[in-house]
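Please look over the sequence and the structure shown below before reading on. The report begins with the chain as a whole and then turns to its sheets and its aromatic pairs.

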Amino acid sequence: MYLTKEQERMLDGENGEIVARMMRLLVRLGDIYNAEKMVKVASVQVSGVSYKSIGDPGLEFLQDIANEARVKVLTFLNPAGMDLEAWKEMGIDEEFAKKQLEIINAFRKMGIVISATCTPYLAGNLPRYRQHIAWAESSAVSFANSVIGARTNREGGPSALAAAITGYTPMYGLHLDENRKPDVVIEVNANLKCNSDFAAMGYYVGSAVKNRIPYFRGIEDADTDQLKALGAAMAASGAVALYHVEGITPEADKFDELNNLEKIEFGEKEKKETYEKLNTGEEPDIIIFGCPHASLNEMVRIANIVKGRKAKKPFWICTSRAVKEVAMRMGLDKVIQEAGGKIVADTCMVVSPIEKLFKTTAVNSAKAAHYLPGFCKQKVVFGNMEELLI
Ligand code: F3S
C-alpha cells in the first residue's frame with residue numbers, strides 16, 4: 001500500500017510506540033483488503049465501551065493507550081454499560097460502575113468526546129455527504145452511509161481507535177464508488193406505518209441479503225427515525241452497511257440499471273411473519289425504547305402518548321446525553337416520570353447488565369429484539385410504540 005511520508009514516519013515510531021502500533025494495524029487491514037492507500041477521516045466513532053462487553057482486559061488495553069496517545073479527529077463513543085450520571089437509579093452495582101468509569105476516564109484522557117451514543121449524528125458528530133469517516137457501531141455506519149451519504153466501513157473497536165489516533169483509515173470497501181452499487185432490489189408491498197414496521201422489514205431483508213447492498217422500491221415516505229430503525233435491523237439480522245431507497249436516500253438516483261438484479265418482495269405476509277418471529281415473550285417486566293438511541297422527535301412522541309396517563313408497564317427511553325438534556329429542558333422527563341418512565345442516557349438495553357434486573361423486555365426495535373435473548377437472557381415482546389405503552 002502506498003504511504004505518504006507522514007504515514008511512514010508514524011509507522012516507523014517517530015510519534016511513539018502506540019501510534020506505530022495503530023498504524024501497523026491499519027496497514028495490515030489495508031493489505032488484507034487490497035487498499036491502494038490511506039484516506040483522511042473527518043470523524044470516528046469507537047465501539048467497545050461497555051464494561052460488560054470488554055471486561056478487565058479491554059480496560060487495561062485502553063489504559064495503556066491512554067498513557068501515551070491522543071486522538072487526532074473528532075471522536076465519539078458508542079453506548080457505555082450504564083447512565084454515566086444516574087447509574088444508581090438504574091440499579092447498577094458499585095463494582096460495575098467503578099470499572100465503567102475507569103474505561104470512560106481512559107477515553108477522556110485520549111481526548112475523545114464523552115458522548116456515549118449509537119446516534120452520534122444526532123448529538124454533535126454529523127458528517128457531510130461523501131465525507132470519509134471511520135465509525136464502528138453498525139446502525140450508525142448504516143445511517144451515515146445510506147441516509148447521509150458519508151463513507152465508512154463497519155470498523156471494529158481497535159481499527160476505529162487506530163483511525164482516531166492516526167487520523168487515517170485504509171481506502172477500501174465502502175470508501176470507493178464502485179463498491180456502493182446495489183446488489184439486490186427489494187420490492188415493498190407492505191403498509192409501513194410506524195418505526196416497528198420499518199424495523200420488521202429491515203429484519204426480514206437483512207436475513208435475506210446478508211452483507212449485500214439492497215435497493216428499496218415502493219417506500220412512499222420514511223422519516224429519519226424510520227430509516228434509522230430500518231438500517232439498524234438490517235445490520236443486526238444481516239451485515240448490511242449501506243442501503244438505498246428510491247426517491248429518498250441521496251445516492252439512490254445514481255443507479256438505473258436495476259432490471260438484472262435479483263428481486264425480493266416484502267409484503268404483508270412477510271411483515272406478519274417477522275413480527276411473530278421476533279416475539280418470544282408475553283408479559284414484559286419493562287418496556288425499553290431507544291434502539292438506536294431515541295431522537296428528540298421520538299422522545300416528544302412518547303411523551304405525547306403517555307401525557308396524563310400511566311403506561312401499562314414501567315418503561316425506559318435510551319438516548320444520548322445531548323437529547324436527554326434538551327428533553328429535560330422541555331419538561332418531557334416529568335411527563336415521562338409521571339407515566340412510570342425514565343430517560344436513560346449514555347447506555348442501552350443491550351450493553352447494560354439488564355439481565356440482573358428483568359426477564360422479559362418489550363421493545364419496538366428489531367435490533368434489540370435480535371440481541372436481547374443472547375446478550376441479556378431476555379424474552380422479548382416486539383410491537384409498536386403506542387400499543388406497547390397504552
Ligand atoms: Fe444502540 Fe444499543 Fe441498539 S448500541 S443500536 S441502542 S443495541
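## Overall architecture

The secondary structure of the chain amounts to 14 helices and 14 strands. The radius of gyration is 21 Å, close to the 21 Å that the globule rule gives for 390 residues, so the chain is as compact as a globular protein of that length. The model is a predicted one, and its C-alpha trace spans about 65 × 60 × 35 Å along the principal axes.

Of the 390 residues in the chain, 61% are buried. The accessible surface comes to about 16200 Å², and carbon and sulfur atoms contribute 48% of that surface. Among contacts with a separation of 6 or more, 77% are between residues 24 or more positions apart.

## The four-stranded sheet

Four strands form an open sheet in the order β8-β7-β6-β9, and their pairing is parallel. The edges are taken by β8 (244-245) and β9 (262-267), each of which has a single partner strand, so one side of each is left without a neighbour in the sheet. Strand β7 (residues 214-217) pairs with β8 in the parallel sense over two bridges, and F216 has V245 in β8 as its bridge partner.

Helix α7 (residues 195-209) packs on this sheet, where it touches β6 (184-189), β7 and β9, and its direction makes about 150 degrees with that of β9.

## The three-stranded sheet and another strand pair

A further open sheet consists of three strands in the order β3-β2-β4, again with parallel pairing. Here β3 (74-77) and β4 (134-135) stand at the edges with a single partner strand each, so one side of each is left without a neighbour in the sheet. Strand β2 (residues 43-46) runs parallel to β4 and is joined to it by two bridges, with V44 standing opposite A134 in β4. Helix α6 (residues 157-166) lies across β2, β3 and β4, and it runs at about 150 degrees to β2.

Elsewhere in the chain, strand β11 (residues 315-319) pairs with β12 in the parallel sense over five bridges, and C318 stands opposite V344 in β12. Strand β12 (residues 341-345) is mostly covered, in that four of its five residues are buried. As background to these pairings, strands of a sheet pair through backbone hydrogen bonds, either parallel or antiparallel.

## Aromatic pairs

The structure holds eight aromatic pairs. One of them is formed by Y33 and Y172, whose rings are stacked at 4.4 Å centre to centre with 5 degrees between the planes. Because Y33 lies in the loop between α2 (17-32) and β1 (38-40), and Y172 in the loop between β5 (168-170) and β6, the pair ties together parts that are 139 residues apart in sequence. The two residues can also be described by their accessibility: Y33 counts as partly exposed, at 47% relative accessibility, whereas Y172 is buried, with a relative accessible area of 12%.

Y204 and F266 also form a pair, in which the ring centres are 5.6 Å apart and the planes stand at 55 degrees, so the pair is tilted. Since Y204 lies in helix α7 and F266 in strand β9, the pair ties together parts that are 62 residues apart in sequence. Y204 is partly exposed, with a relative accessible area of 26%, while F266 is buried, with a relative accessible area of 0%.

Notes
Residues numbered from 1 in each chain as written. Predicted model: local features only at pLDDT ≥ 70, side-chain atom pairs only at ≥ 80, totals over all residues. Heavy atoms only, no water. Pairing = 2+ DSSP bridges. Contact = heavy atoms within 4.5 Å. Axes fitted to C-alpha atoms, helices over the stretch in contact; angles between N-to-C directions. Rg over C-alpha atoms; globule rule 2.2 N^0.38 Å. Buried < 20%, exposed > 50% of the residue type's maximum accessible area, 1.4 Å probe, protein only. Areas by Shrake-Rupley, 256 points an atom, 1.4 Å probe, with all protein chains shown as cover. Phe/Tyr/Trp six-rings, centres within 6.5 Å; stacked < 30°, edge-to-face > 60°.
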